[in-house]
Amino acid sequence: MKRNNCFLIPIMFLTLETVAFSQFNYNAKQLIPFDPAYKIGYLNNGIRYIIRSGLTEKKAHFYAFYNIGSIQEEPNEYGLAHLIEHLCFYEKPLLDHLESSGLRMGRDINAGTGPERTTYTIFNIPSEKAGLIDTSLLHLKDLALKLNIKPEYLNKERKVVLEEWRQNQGANARINDKITKEILKGTRYARPSLLGDTAVINNCTVEDISNFFNKWYRPDHLTILVFGNFDQNEMEDKIAKVFGSVPKVNGASPRISYQIPDYKAPVISIAADKEAKTSEISIHYKHNKPIEYNYAQKRTEFIDNLIYRMFQKRINEIIDVSDAPITKGSAYYGSTYFGTPSYDDYALDVSTNGNLMKALETILTEKERIVRHGFTDSELQRAKEYYQKMYDKARHKNVEWPHNEYMVQCFYYILKNKTIASFDFESDFLLNVFPTITLVDINKRFKKYFENIFPAIEISYPQKVANAINISDVENVISSVNRSTIAAYIDKPVPSDLFSKSIKSGKVIKETSNNEVGTTEWELSNGMRVIIKATEFAKDEIQFKGYNNNDTLKVPKDYLSTSIYGGLSWKDMGVGEFSPVELKQYLVSKNISVTPFLSIVNQGIKGKASSRDLEAALQLVYLYFSKPSWNEDILKKNLSKYGSYRSGQSPSVAFSDTVQKYMTIQPFDTIVTSLNLVTMEKLKLIYQKVFSDPGEFTFIFTGNIKIDETKPLIEKYLGSLQRVVTKSPFPDSISPKDENKLWYKTGVKTCRFEYPMQTPKAFVFVCCQGEMHESPVNSLYDDLIQSLIVAQAEKTIRGKYGASYNVSAYNFRISGKNTSQISVYFQTNPGLCENILPVAKEEIKKFMDGDIDEKEFLSLKNNILKRRTDDLKSNSWWTNTGLFEYYFHHNPISKSYVTCFEDVTMSGLKEFARNLYSQGNTIEVIMMPK
């Protein structure tokens, strides 16, 4: 199965064999030089630190990284590592100070446990605030090295962890547990998930926790990682001052690297589950990790990347065939094998609508085709061109990765002793090495993935008697593929031009500047509005989104499911004369993403591109407007996929469907279950309604845009779009009576029902909704309520009663509709539901009646203002949220936003909450196990 803890090898990093470099003086055994941007040192107590400064954003990000995790647990300790992570947040006096400064638990302050690591994190600290930097380091020290356990803390947190276990006990968890125990039988990794054994969690003592913590969470297993914008030497001094006082721990407690023996034959594990939503196959070929990271291995990494690109293209071609048994697939060289950093593996992953043996045969046949016949020279040249352009583009962009990417690089260094190479080295190495990589190298490497290696094969599917399979079925497929005659692959030429027709450009007939938000506004001769915001937030990035100016899609109710499911399929159908395969081939060497979207609330086209690929992106937009491609086979295939997903017995799907029904009124309450109403003809009519008049569209562009260079492109490809005058496809189909129904005037609705579950859970959803006067200040109140109410509910439901691991709150409003909807959702033990539900409802009632914590209110105000500061530096936020809200719904963005926040008060928030609650529109949905 696809595993979250299996890191794919980044493009910058991959593995193996010794190579003689024929064209230049590189020694294959020479070690890769370490990136000089990192500063690495050790304190006398054994704590290591890794610092990388000089990042553009004026932030600092902190990690306390232990190379210790759940794999260190003995059977009588299963779950202690994760429980320690929870308990480390007790008695932390500096946490309140950080939260009052605008940081939030979960988003900026968090922790995580894995099989091989434990991390404590503090993100997004303004680097110019020295006092906050110091506080963050002190808090990180408290989190990582101080465990003040009291029996009452342990008793509280064990309840929360048990509820976390319950919440995670779905089909995927059961399938993974079964498969892992079978495939890794006899090894340290054949154990329960990192959440542990419920018997251990229920019965462990303070002494058990202390002993495990003191044995493993030692200074010599700890690395402090800091990334951001600050003086590197000053940060080194701060780390030494804060962490240098930690005493050295004597006595050995060495970290052990556990082994997984090679298989003597294919190992096959099959898991069926009634609640599974999809059918999946994963095939792993385990490799030992290299001992040293040298030039030969670096060259092999580039070969692996090229293979990935070429094989993925073939898989995509298979998927795009209408009757292909594979709906999704990937083939990649992975950097961990079942969560252990000791091994690499080559993995084939596919999803299917249900014909598992056919899907297995298909992916194995394509693998075997390459083993026997190899890749083609044209495939290799295209893949090389892609990576060369990518590196060339990155060089010009002055590449800078997000801080979590730097953490991943350090993860490989700490756990696998893998040198972190600089981007300059990577780039220069590529330029020198790529000419030496031949088709012989590629095909030899691909065969080596499988030489003398027996695979581990995982298969899972929704449990039905009719589709039960066994190990002999899998063995028969493997044998059949090995005996079969397989023809060589024929590579089709890549289309050279997406757009060749001559078109008459439109014109910008009106241009204005908006100083408040820093935009240039154009009105085109066809009536379209275009808004341009030139930024330097990201190098060589342009994002755009074109919205139909009509908020709501007004179509008959039996068309609504087509607008959703048909809209999801339309983007897969190609465009113009280009089939889906041809379009993917054309775009493979370009930095372009263009996607049409349809929904009930908004419709249009979104995308992003590099500066040099903007014209090709606009050509795609032109074609989606003027020459869409319709493919009945793709629509049927996708509907089958959606139907397969919905046909199982998943409790979460059943619950969300029921909530959807009770949250809405006709005609929206049957959308999610109306796949049988989706047709191609309806999709074409919806397209006609949405895209026939370009004058009904507003396009927003944000990024590295040169106005003078972009203007003629906009005039040519957007300004030339003509209105298609047709009779309305839906004459008089929407009655004013239906259109004016208000979904939020529900009164009191209650639904309690039972559903079969393998792990008993109670699902609880409580919602308050009603009318609100739309204004900038009220929008802020609406956002504040959503965050404050979940904080209040967590303090009670999780903190006081330990009845749930995660309490979620959502606010939903449709701009321009003067509505608000606040909801709370959580899962809990069914035995506690009847006791905890009145508590949850009472907490919501108290809150909505004005019982609001002022300290939490002020902290959250700071957090939202801090978040807005971050948003203002994001092209994505300006394109998708900021400018959309500003131009379509007149909501403030920058200075006026801060000014609006000055009008947000405790008394105003209480009045807003009381007014919403007093309207008496509440919904309660509870699902219990059958």
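This is a predicted model: local features need pLDDT of at least 70, side-chain atom pairs count only at pLDDT 80 or more; totals for chains, interfaces and linings use all residues.
## The chain as a whole

The protein chain contains 29 helices and 23 strands. Its radius of gyration is 29 Å, close to the 30 Å given by the globule rule for 930 residues, so the chain is as compact as a globular protein of that length. Taken along the principal axes, the box filled by the C-alpha atoms of the chain is roughly 80 × 65 × 65 Å.

Of the 930 residues in the protein chain, 57% are buried. When contacts in the chain between residues at least 6 apart in sequence are considered, 85% of them join residues at least 24 apart.

## Helices H18 and H22

Helix H18, covering residues 614–626, and helix H22, covering residues 707–717, have axes that come within 9 Å and cross at roughly 20°. Since an angle under 35 degrees counts as roughly parallel, H18 and H22 are therefore roughly parallel to each other, and the crossing of H18 and H22 is right-handed.

On the H18 side the meeting residues are Leu-614, Glu-615, Leu-618, Gln-619 and Tyr-622, while H22 brings Thr-710, Leu-713, Ile-714, Lys-716 and Tyr-717. Sorted by class, this contact of H18 with H22 consists of six nonpolar, two polar and two charged residues.

## Helices H16 and H21

The axes of helix H16 (residues 560–570) and helix H21 (residues 680–691) come within 10 Å of each other, and they cross at roughly 90°. This angle falls in the range of 65 to 115 degrees that counts as roughly perpendicular, and H16 and H21 are therefore roughly perpendicular to each other.

From H16, the residues Thr-562, Ser-563, Gly-566, Gly-567 and Trp-570 meet Lys-682, Leu-683, Ile-686, Tyr-687 and Phe-691 from H21. The contact of H16 with H21 divides into five nonpolar residues, four polar residues and one charged residue.

## Helices H25 and H29

Helix H25 (residues 830–848) packs with helix H29 (residues 906–918) at an angle of about 125°, and their axes are 8 Å apart. H25 and H29 are therefore oblique to each other. The residues that make the contact are Lys-845, Phe-847 and Met-848 of H25, together with Ala-913, Arg-914, Leu-916 and Tyr-917 of H29. By class, the contact of H25 with H29 has five nonpolar, no polar and two charged residues.

Ser-629 lies in the loop between H18 and helix H19 (632–646), and with a relative accessible area of 14% Ser-629 is buried, because buried means under 20%. Although Ser-629 and Val-575 are 54 residues apart in sequence, their C-alpha atoms are 4.6 Å apart in space. Apart from neighbours within four places in sequence, Ser-629 is in contact with Trp-570, Met-573, Gly-574, Val-575 and Gly-576; of these, Trp-570 also belongs to the residues of H16 that meet H21.

The C-alpha atoms of Leu-883 and Ile-700 are separated by 7.5 Å, and the two residues are 183 residues apart along the chain.

Asp-871 is placed in helix H26 (residues 854–871) and counts as partly exposed at 23% relative accessibility. Between the C-alpha atoms of Asp-871 and Gly-882, eleven residues apart along the chain, the separation is 8.5 Å. Once neighbours within four places in sequence are left aside, Asp-871 is in contact with Trp-877 and Trp-878.

Most residues other than glycine have a negative phi. Asn-124 has a positive phi, near 65°, and Asn-452 likewise has a positive phi, near 55°.

Are the places of these asparagines buried or exposed? Asn-124, in strand S5 (residues 118–126), is buried with a relative accessible area of 15%. Asn-452, in the loop between helix H14 (439–448) and strand S11 (456–462), counts as exposed at 80% relative accessibility.

Key
Residues are numbered from 1 along each chain as its sequence is written. Side-chain values use heavy atoms; hydrogens and water are left out. Axes are lines fitted to C-alpha atoms, for helices over the stretch in contact, and angles run from 0 to 180 degrees between N-to-C directions. Helices (H or I, at least four residues) and strands (E, at least two) are DSSP runs, numbered from the N terminus. Angles under 35 degrees count as roughly parallel, over 145 as roughly antiparallel, 65 to 115 as roughly perpendicular and the rest as oblique. A crossing is left-handed if the near helix is turned anticlockwise from the far one by less than a right angle, and right-handed if clockwise. Contact means heavy atoms within 4.5 Å. Ala, Val, Leu, Ile, Met, Phe, Trp, Tyr, Cys and Pro count as nonpolar, Asp, Glu, Lys and Arg as charged, and the others, Gly among them, as polar. The radius of gyration is taken over C-alpha atoms; the globule rule is 2.2 Å times the number of residues to the power 0.38. Buried means under 20% relative accessible area, exposed over 50%, partly exposed in between (1.4 Å probe, protein chains only).
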